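Thanks for coming. I have one chain to show today, and I will go from the whole to the details. Here it is on the screen.

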Amino acid sequence: MADKQHTQTRPEFTWRFISASERYSTAKPLVIYVNASSEQEASETMPGVNLIFAARLPFHDFRVVEVCHA
């Protein structure tokens, strides 16, 4: 019989949030993706950031990508 993975060891969902700057009203909103078991767990990874829930998606294994603008 195969063992089931627990959500504590592997996030179950990818959560999408939007964060808008309160300081700079003309700045574009930032889209943030977090892998976590719950919305609360995902939002707690960024304390002090004003997050707006946008979507709960199936788990996706993201790779870290750096973006440099010239």
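The accessible surface of the chain comes to about 6,200 Å², and carbon and sulfur atoms make up 53% of that. Keep in mind that this is a predicted model. The chain has 70 residues, and 17% of them count as buried.

On to the fold. There are three strands and one helix, and the order along the sequence is β-β-α-β. If you take the contacts in the chain with a separation of 6 or more, 61% of them are between residues 24 or more positions apart.

Which residues make up the largest nonpolar core? Nine of them: Phe 13, Trp 15, Phe 17, Ile 32, Val 34, Ala 36, Ala 42, Met 46 and Leu 51. Two elements, S1 and strand S2, which covers 30-36, each give two or more residues to this core. As a general remark, nonpolar side chains in soluble globular proteins tend to be buried together.

Next, the aromatic residues. The structure holds three aromatic pairs, and I will take two of them. Phe 13 and Trp 15 have ring centres 5.7 Å apart and planes at 70°; anything over 60 degrees counts as edge-to-face, so that is what this pair is. Phe 13 and Trp 15 are both buried. Then there is Trp 15 with Phe 53, a tilted pair, with 6.1 Å from centre to centre and 55° between the planes.

Are the two partners buried or exposed? Trp 15 has a relative accessibility of 6%, which is under the 20% limit, so Trp 15 counts as buried. Phe 53 is at 40%, between the 20% and 50% limits, and therefore counts as partly exposed. Taken together, ring pairs join Phe 13, Trp 15, Phe 17 and Phe 53 into a cluster. There is also a charge here: the charged end of Arg 56 sits over the ring of Phe 13, at 4.3 Å from the ring centre.

Ser 19 belongs to strand S1, residues 13-19. Why does Ser 19 count as buried? Because its relative accessible area is 13%, and the limit is 20%. What is Ser 19 in contact with, leaving aside neighbours within four places in sequence? The list is Pro 29, Leu 30, Ile 32, Val 49, Asn 50 and Leu 51. For Asn 50 there is a further detail: its backbone oxygen lies 3.2 Å from a polar atom of the Ser 19 side chain. And Ala 54, which is 35 residues away from Ser 19 in sequence, is 9.9 Å away in space, C-alpha to C-alpha.

That is what I have; I will take questions now.

Terms used. Residues numbered from 1 in each chain as written. Predicted model: local features only at pLDDT ≥ 70, side-chain atom pairs only at ≥ 80, totals over all residues. Heavy atoms only, no water. Helix = DSSP H or I, 4+ residues; strand = E, 2+ residues; numbered from the N terminus. Buried < 20%, exposed > 50% of the residue type's maximum accessible area, 1.4 Å probe, protein only. Contact = heavy atoms within 4.5 Å. Polar contact = N/O pair within 3.5 Å; in protein donor to acceptor, adjacent residues only side chain to side chain. Phe/Tyr/Trp six-rings, centres within 6.5 Å; stacked < 30°, edge-to-face > 60°. Lys NZ or Arg CZ within 6 Å of the ring centre and 35° of its normal. Areas by Shrake-Rupley, 256 points an atom, 1.4 Å probe, with all protein chains shown as cover. Core = buried A, V, L, I, M, F, W, Y, C linked by side-chain atoms within 4.5 Å.
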